[in-house]
Amino acid sequence: MRLTINGERRDVAEGLTVAALVAQLGVRGRVAVELNGEVLRQAQHPEVTLRDGDALEVVTFVGGGA
Amino acid sequence: MDDALVIAGKRFGSRLLIGTGKYPSHEVMKRCHEASGSEIVTVAVRRLDLNAKGEASLLQWIDTTRMTLLPNTALCYTADDAVRTCRLAAELGMSKWVKLEVLGDERTLFPDVEQTVAAARILVKEGFTVLPYTSDDPITARKLEDAGCAAVMPLAAPIGSGLGIRNPHNIRLIREVVKVPVIVDAGVGTASDVAIAMELGCDGVLLNTAVAGAKDPVRMAHAMKLAIEAGRAAFLAGRIPRKAYGSASSPLEGLVD
């Protein structure tokens with residue numbers, strides 16, 4: 001199935017959960033995920049199964065002041 | 001003498017808040033944070049770089065046992081974008097403290113105060129502890145306090161400009177009209193700017209570029225720490241009134257002929 005992650009099209013296996021996708025992205029440290037415009041709670045990551053056409057924003061902390 | 005900075009009931013030993021952007025390296029940033037004595041650090045929320053696998057996370061370079069993270073909404077231009085960023089930050093971080101920043105113009109990076117107040121109202125209702133970046137306007141500062149913000153953070157000058165406090169009179173008025181802490185945020189260039197902010201009675205200063213962009217960032221971080229302490233001590237000590245003419249501090253009597 002095809003997802004849009006941070007604006008990029010990605011083909012992934014069917015039935016993937018958000019947590020599994022995050023693991024596949026090779027992320028070190030914590031991320032927050034917005035699925036189709038709704039911010040997911042961390043506890044939802046292993047529970048929510050992704051569907052074809054879903055749009056995700058995966059964000060993290062970076063350096064910044066103002 | 002206990003002179004802690006108290007924001008939303010939480011006590012901080014340092015009145016300097018520092019950023020995490022634009023340092024030459026993560027190592028230098030960490031040393032600057034240590035030299036500054038800061039206990040609050042701002043961080044930005046951005047899309048994960050999908051092509052930078054396994055890159056070390058910023059948080060590895062921040063001592064979160066000592067420092068409170070203050071995620072910002074830097075470069076948001078609408079209340080909606082800022083609120084969305086705060087909700088993501090709350091899921092990323094360990095708290096609901098945020099530095100709210102809604103900009104109105106790309107060239108000056110001045111805040112859009114109307115959008116800032118609107119976002120603050122929503123965020124406070126959602127249980128966030130909101131520290132808003134704002135203009136040096138006492139009326140807006142009061143609106144932000146009325147909206148339930150935990151502090152107000154007027155600019156000294158445009159973000160990253162290093163121009164120092166452009167309108168000390170307004171900053172002093174803001175300190176008079178609100179009860180919540182007043183933290184000068186943005187535009188500081190060097191240590192004397194920080195000292196002036198503190199001498200005006202401000203409760204703290206938030207800065208980033210003035211340290212990160214200095215020739216010797218670690219030494220500048222130390223200078224900022226001293227300036228906070230000197231300015232605060234001078235404010236508490238109470239300065240002498242300004243006079244138009246000279247007034248000798250040595251006795252006028254007993255001069256030798």
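A salt bridge here is a side-chain nitrogen of Lys or Arg within 4 Å of a carboxyl oxygen of Asp or Glu. With that in hand, take Arg84(B) and Glu34(A): their closest N and O atoms are 2.5 Å apart, and the two residues form a salt bridge. Please keep in mind that this is a predicted model.

**The contact between the chains**

- Chain B brings 35 residues to the contact, and chain A brings 29 residues.
- About 2800 Å² is buried between chain B and chain A, with carbon and sulfur atoms giving 59% of that area.
- On the chain B side, the residues that lose the most area to chain A are Leu50(B), Glu91(B) and Leu92(B), which together make up 28% of what that side buries.

**Polar and charged links**

- Three salt bridges are counted between chain B and chain A.
- There are also 13 residue pairs in polar contact between chain B and chain A, counting pairs with both residues at pLDDT 80 or more.
- Three elements of chain B give two or more residues each to the side that touches chain A: strand S4 (40-47), strand S5 (68-71) and helix H2 (79-92).
- By residue type, that side of chain B divides into 15 nonpolar, eleven polar and nine charged residues.

**Strands that pair across the chains**

- Strand S5 of chain A, residues 55-63, runs antiparallel to S4(B), and five bridges join them.
- Within this pairing, Phe61(A) stands opposite Val45(B) in S4(B).

- Gly64(A) lies in the segment after S5 of chain A.
- Its relative accessibility is 10%, so Gly64(A) counts as buried, the cut-off being under 20%.
- Leaving aside neighbours within four places in sequence, Gly64(A) is in contact with Gly19(B), Thr20(B), Gly21(B), Thr42(B), Val43(B), Ala44(B), Asn72(B) and Asn208(B).

**A sheet in chain B**

- Chain B holds an open sheet of three strands in the order S6-S7-S8, with parallel pairing.
- Strand S6 (97-100) and strand S8 (153-154) of chain B are the edge strands, each pairing on one side only.
- Strand S7 of chain B, residues 129-134, pairs with S8(B) in the parallel sense over two bridges.
- Here Tyr133(B) stands opposite Met153(B) in S8(B).

Key. Residues numbered from 1 in each chain as written. Chains lettered and ligands numbered in written order. Predicted model: local features only at pLDDT ≥ 70, side-chain atom pairs only at ≥ 80, totals over all residues. Heavy atoms only, no water. Contact = heavy atoms within 4.5 Å. Buried area = accessible area lost by both parts, 1.4 Å probe. Polar contact = N/O pair within 3.5 Å; in protein donor to acceptor, adjacent residues only side chain to side chain. Helix = DSSP H or I, 4+ residues; strand = E, 2+ residues; numbered from the N terminus. Nonpolar A, V, L, I, M, F, W, Y, C, P; charged D, E, K, R; others polar. Pairing = 2+ DSSP bridges. Buried < 20%, exposed > 50% of the residue type's maximum accessible area, 1.4 Å probe, protein only.
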